[in-house]
Structures are given as C-alpha cells and as structure tokens.
Amino acid sequence: MSKMSKEEKKNRKKVKPGRLAKRDALVGIAFISPWIVGVLAFLAYPLAQSFWYALNNIRPTPLGMKFTYVGYGNFTELLMATPEFPTTLIEYVVSTIISVPIIVVFALIIAIMLNQDVKGKGFFRLIFFLPVIIVSGPILGMLNGDGAGSITAIDIQAITDAIKEVLPSAFAEPISELFENMITILWYSGVQILIFLSSLQKIDRAMYEAAKIDGGSGWECFWKITLPTIKPMILLNCVYTIIFISNNDQNSIIELIKVSMFSGTQEKGYGFASAMAWLYSVVVLLIVALFAVLFLAKKDVYAKQVKKAKKARKKELREIKRVGRRSARHAKKRERENRKAGK
Amino acid sequence: MPKREKEKTEKQENKSVSKKATGARPKFNKDKFRKFMLGSKEKQGFLKLFCIYGLLICIGFIYLNPILHMISRSFMTLDDLLDSSINWIPSSFNLDNYAQAARSMDFWKSLGLSIIIAGVPTICNLVSCAVIGYGLARFEFPGRNVVIGIIVFTFILPSQVTMIPTYVLYSNMGILSTLWAFVLPSLLGMGINAPIFILIFWQFFRQVPKVLIEAAQIDGAGYLKSFFRISLPSAAPAIITVSLFSFVWYWNESYLTSMYVAGVNVKSGWTSLVIQLDSFASNYSKYAQTASSGAVTLNESINMAGTMLSILPLLLMYFVLQRYFVESIDRTGITGE
C-alpha cells in the first residue's frame with residue numbers, strides 16, 4: 001500500500017519540471033564519487049597534513065610520530081641555514097625558465113617542418129615521439145653519465161667556458177648544464193611536437209590562401225595567422241613542459257626532499273621535507289603562473305578598439321551634458337541678473 | 001656522425017657544382033633552374049625541400065644519437081671500448097654484456113614484476129578515469145566547473161607536496177610496499193597523471209551526440225547501459241591512448257615506485273626494471289661477488305646493456321603499436337574544440 005503511494009508520489013513529482021535534471025545531477029555525482037573520495041583522501045587531507053608537518057619537527061618513534069611545534073622555524077632554517085636548498089632551487093628555476101622556451105620553440109619548428117608536404121612524415125613522427133616512451137630518470141642518468149646526452153660534434157667546453165666568464169655563477173651553472181645535456185632537453189619535446197602538429201593541421205587552409213591573395217608573404221602568414229591560432233597550444237605546451245621537468249627524476253630538488261624525508265633525524269625528518277616540498281610547489285606554481293600570464297589569450301585588437309571607442313563616446317556624451325548643464329546654469333544666472341538689472 | 005657529414009658535404013658539393021655549371025652557361029634555361037631551386041606555385045622549390053629534409057634528418061639523427069650510441073656500446077668488449085679507432089661499430093657482436101647485465105638485474109623476474117606494476121594500475125586508471133570523465137561530460141550538476149578546475153590544479157601541483165602525508169597514510173593503512181599503494185589511488189582517479197586521462201575521456205564523451213543517448217533512454221536503457229553500450233564503444237581511441245600512456249608512465253616512474261612499492265630503506269619483494277637500473281652499480285657488484293666465474297668488473301658496455309635491457313620491452317611495444325602512439329594525440333582532441 002505504502003509502496004503504491006510512493007510510486008504515485010514519484011509519478012506525480014515526475015510531471016514537475018526539474019525532476020529529471022535533479023536525478024541527472026545525482027547520477028552525475030554518483031559517477032564522479034570515486035574522484036571525490038580520491039580528492040579528499042589523496043589531495044585535501046595530505047595537503048592540510050603536510051602544511052601541519054611543515055610547521056613541526058617530527059620524530060618517528062615506535063609509538064607513533066612525535067610532534068614539536070616550531071612555527072615557521074623549518075622554513076627559516078631551510079632558507080638560512082641549509083645552503084644546498086636555496087642554490088638548488090635557484091638553479092632549478094633558472095634552468096626551467098630557460099629550457100621551457102627552448103623546448104617549446106624547438107617543438108614548434110619541428111612541427112612546422114613536418115607540416116609541410118614532406119615525404120616520410122610518419123617515419124619522422126615516429127623518431128620524434130620515441131623519447132617519450134623511454135625517457136625516465138634512471139635511463140637518462142645512465143645516458144648522461146655515459147656522455148651520450150651531449151652533442152659530440154659541437155665543442156661544448158668552449159661554449160660553457162664563455163658563458164661562465166660572462167655571467168655570475170648562479171646563472172652560468174644551469175646554462176652550461178643545459179648545453180651539456182642538450183639532447184635530453186630536446187628529448188623532452190616529443191609530446192609537444194605532436195600537440196603542435198595536430199593543431200597546425202587544423203588551421204583552415206583558406207585563411208592562408210586569402211592572405212596570399214592579399215599579398216601576404218609566408219613570414220607574415222606565420223606571425224599573423226599561425227601563431228595567433230596556436231597560441232593556446234603554446235600555453236598548454238609550456239605548462240606541460242614545466243610539469244614534466246618538475247616531476248622528472250633528474251630533478252635534484254625532489255631527490256633532496258626524498259633524502260631529507262628518510263634521513264631519520266628529528267630536525268631533518270618529515271617536517272623539514274614537508275617545508276621543502278611546500279616551498280618547491282609554490283615556486284613551481286609561480287613559474288606556471290608566469291607563463292600563463294605571458295601566453296594567456298588576450299582580447300583581440302578589434303575588441304579593444306571597440307571598447308576604446310565606446311569609452312571615448314561616453315566621455316564625449318558626459319562632456320556634452322556637462323556643457324549643457326553649465327550653459328543652462330549660466331543662462332539662469334544671466335536671466336536672474338537681467339531681472340535684477342531690469343528691476 | 002662522420003658518415004652523415006660526409007654525405008652532406010658531398011651533396012653540398014654537387015649543388016655548388018651544378019650552380020657553377022649553370023652560372024657558366026647563362027643561356028641554359030636560367031629560368032628553369034631558378035624555378036627548380038626556389039619553387040613555383042605548383043611545386044616546392046628544391047632549396048626549401050633540401051633545407052627541410054636536411055634539418056629533419058640532422059635533428060632526427062641527434063634524437064636517435066643516444067640510442068644508437070647505447071646500442072653500439074652495449075655490444076663492445078672491453079678492448080673495443082679502450083680502442084680509440086673503434087667509434088661506432090664494434091669489432092664483434094659481443095652478447096656477453098647482455099648476459100651479465102640480465103643476470104645481475106634478475107631480468108625475467110624484474111620484467112614480470114614491471115609488467116604487473118605498470119599493468120594493474122593502468123587497468124584501474126582506465127576504469128576510474130572513464131567513469132569520472134563520463135560523469136563530467138554527460139551530466140549537469142552544480143559545481144562541475146569547480147571539479148574540472150580542481151582536476152587541472154592537481155595536474156599542476158607537484159606530487160611532492162602531498163607525498164609525505166600520503167606515505168604516512170599508506171604506512172598507517174599497512175599498504176606501504178605493496179601494490180595496493182598504486183592501485184588504491186588509481187582506482188580513485190588520483191593515479192599518476194590521472195588528470196590528463198580524465199580530461200581526455202571528458203573531451204571524448206562530450207563529443208558523443210546527446211541525441212544518441214536520449215534515443216537509447218527512450219528505448220529503455222538506463223544510465224549504466226547507455227554508458228556501456230553507447231558511450232564507451234565510441235571512445236575506443238581514448239581507451240587505447242589512455243592505456244598506452246598510463247602503461248608507459250607507470251613503467252617509467254621510478255621515484256614514486258621506489259618510495260611506495262619497492263621500499264626505500266627496507267626492500268619489499270617488488271621491483272621493476274627501471275628501479276633495478278637505478279641501483280645498477282650496487283646490484284652488479286653484489287652479483288659479481290657471488291658469481292662463480294666469468295663476471296668482469298662493471299664497465300660502460302655492461303651499463304649500456306643494462307639500460308638497453310630495461311627499455312627493450314617498451315621499444316618493442318612502441319614499434320608494434322606505433323600507429324596508436326603517434327596518432328594518439330591527434331585523436332584525443334585536446335587541440336581542437
């Protein structure tokens with residue numbers, strides 16, 4: 001009996017608008033519920049926890065972990081008393097900021113070349129994508145250790161020496177390292193090449209034809225059609241490259257974090273490592289933000305001009321109104337004066 | 001390298017010769033020559049093509065250089081290594097290096113474990129990311145954009161910041177140094193690079209026409225049925241892409257694998273080829289002490305043979321499935337909306 005009434009209720013409610021949408025929303029949330037659990041367990045909780053860790057000195061004991069609250073002591077110690085961390089961090093930042101544009105520009109050049117009518121396109125794509133498959137920390141370490149990571153034909157020593165003379169050591173170190181591991185830098189660009197390539201292939205050919213009819217050269221076409229169209233992809237590739245470099249095993253900071261995490265002492269245990277990880281993450285996010293600001297889609301010129309014109313018109317209108325009001329006031333004043341004079 | 005350079009210089013010489021020849025006889029079809037070099041409307045010029053092919057071949061060679069170097073080194077004997085006249089081609093194909101390296105890495109066992117370590121989380125990733133991506137693409141619910149924002153944020157955030165509490169969490173749950181430490185997060189959509197996979201699936205399921213699903217609903221298909229019968233089969237390229245990349249990325253991950261699964265200070269039974277390679281020197285010295293005979297001291301060739309062994313399975317996979325790898329990014333549709 002009650003079941004029947006329930007069903008009736010359901011039926012009655014079904015007629016109401018929004019019922020289906022509500023059920024859809026519930027099912028949608030059910031579908032992503034694993035993700036919600038995952039975020040709570042593996043993102044929100046660890047984030048909060050690691051922030052708490054960073055403010056403490058932690059010693060693992062058999063009974064559990066012993067916390068000693070030190071406030072921002074870990075951070076000051078990290079930046080003041082540990083010389084290796086700030087230097088490694090600066091090195092990382094400099095080398096990332098230098099190598100990201102190199103990788104992205106290189107990928108773009110290769111993609112543009114592959115986008116021409118080239119025979120054996122598939123073969124070249126195969127080669128350029130190969131490193132993505134095998135690139136991993138230990139393998140790169142092995143190859144670099146063997147000297148296979150540098151281009152043997154170029155005299156790298158001369159370049160690095162020249163750089164070291166010109167620049168201060170904080171900048172010269174990463175740059176010369178960059179030259180020494182040039183191939184590994186190029187190896188990072190496999191995915192980016194394919195992303196660029198597939199976005200280049202999606203540009204409408206008619207645009208180029210129209211530009212050519214109007215007398216645009218290939219060079220102009222590149223700057224005025226190709227580049228603006230693939231600008232979002234440039235940002236995507238920059239972000240991808242940054243993330244890839246910062247999570248790579250070759251990165252010395254994450255190794256530093258790991259070493260400190262398992263050092264087992266109270267001062268340099270989990271708390272210290274957490275502080276390191278937090279600083280590192282903030283730096284990575286800042287770098288991403290930097291590139292995002294550089295490449296985020298700006299409003300196009302036409303919209304800007306329209307906005308400017310509208311603003312100017314509004315100003316004009318206001319001016320006209322003001323003048324009108326002023327003249328009205330003046331007229332009144334004069335009238336009054338006239339009246340006074342008339343009296 | 002020298003061989004390639006020689007060829008190139010020869011080509012250049014040929015070119016200059018031909019230039020000179022035409023220069024000497026200006027009447028001889030100067031126009032035609034120019035057309036041939038610089039190209040016309042219908043045909044690309046020879047110069048341009050020459051530049052493109054030259055650059056592509058050079059860069060391709062630079063790309064392959066480490067791998068070729070590794071292959072050639074891995075076959076060399078100690079004498080070949082010391083002999084400065086031998087640069088690329090070893091005097092004899094010496095497979096002994098491979099045998100030594102394979103024995104010290106415990107190749108077959110590591111290979112099997114690697115496949116498990118990469119394969120099981122991949123399947124979990126596939127399942128969870130498909131479900132989550134479908135939920136995001138198909139249904140409207142409040143806060144969906146927030147969810148997508150958080151997914152992008154988890155991609156950008158370095159894993160190190162959540163690593164330490166996660167490590168403690170795992171050890172409290174008693175799943176540290178077991179495969180569960182990889183399976184659990186990937187089941188909950190938090191595996192390695194899972195945000196990318198979720199976004200790929202999201203992108204794919206958005207492209208499934210809504211009319212199709214509505215038609216199925218009218219015919220009486222429930223939510224699950226329309227997911228399994230209509231959306232999932234049309235997302236086959238996404239499934240292939242995600243499984244390939246997930247497999248490769250799990251295979252190559254050494255930092256998290258060594259921390260969560262293989263154990264840092266106390267080794268668990270789990271290991272993978274990449275981790276074996278990471279501690280190749282110490283493994284090898286251990287092996288050399290216990291081996292009865294025939295174990296030479298560690299040298300470059302054995303190092304390279306070990307490296308080669310650890311990437312060989314992936315290389316084979318790549319060349320067999322190359323089409324899917326190379327076309328994957330085209331198909332994921334991240335570039336066009």
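Across the interface of chain A and chain B, nine residue pairs are in polar contact, both residues having pLDDT of 80 or more; such a contact is a pair of N or O atoms within 3.5 Å, where within protein one must be able to donate a hydrogen and the other to accept it, and residues adjacent in sequence count only if both atoms are side-chain atoms. The model is a predicted one, in which local features need pLDDT of at least 70 and side-chain atom pairs count only at pLDDT 80 or more, while totals for chains, interfaces and linings use all residues. Residues are numbered from 1 along each chain, chains are lettered from A in the order in which they are written, and side-chain values use heavy atoms, without hydrogens and water.

The count of salt bridges between the two chains is one, with a side-chain nitrogen of Lys or Arg required within 4 Å of a carboxyl oxygen of Asp or Glu. Asp24(A) and Arg138(B) form this pair, at 3.8 Å from N to O. On the side of chain A that touches chain B, helix α3 (residues 33–54) of chain A gives the largest share, 14 residues; helices here are DSSP runs (H or I, at least four residues), numbered from the N terminus.

How many residues take part in the contact? In chain A there are 89, facing 96 in chain B, with contact meaning heavy atoms within 4.5 Å. The area buried between the chains is about 8,200 Å², and carbon and sulfur atoms give 77% of it; buried area is the accessible area (1.4 Å probe) lost on putting two parts together, summed over both.

Conventions: Helix = DSSP H or I, 4+ residues; strand = E, 2+ residues; numbered from the N terminus.
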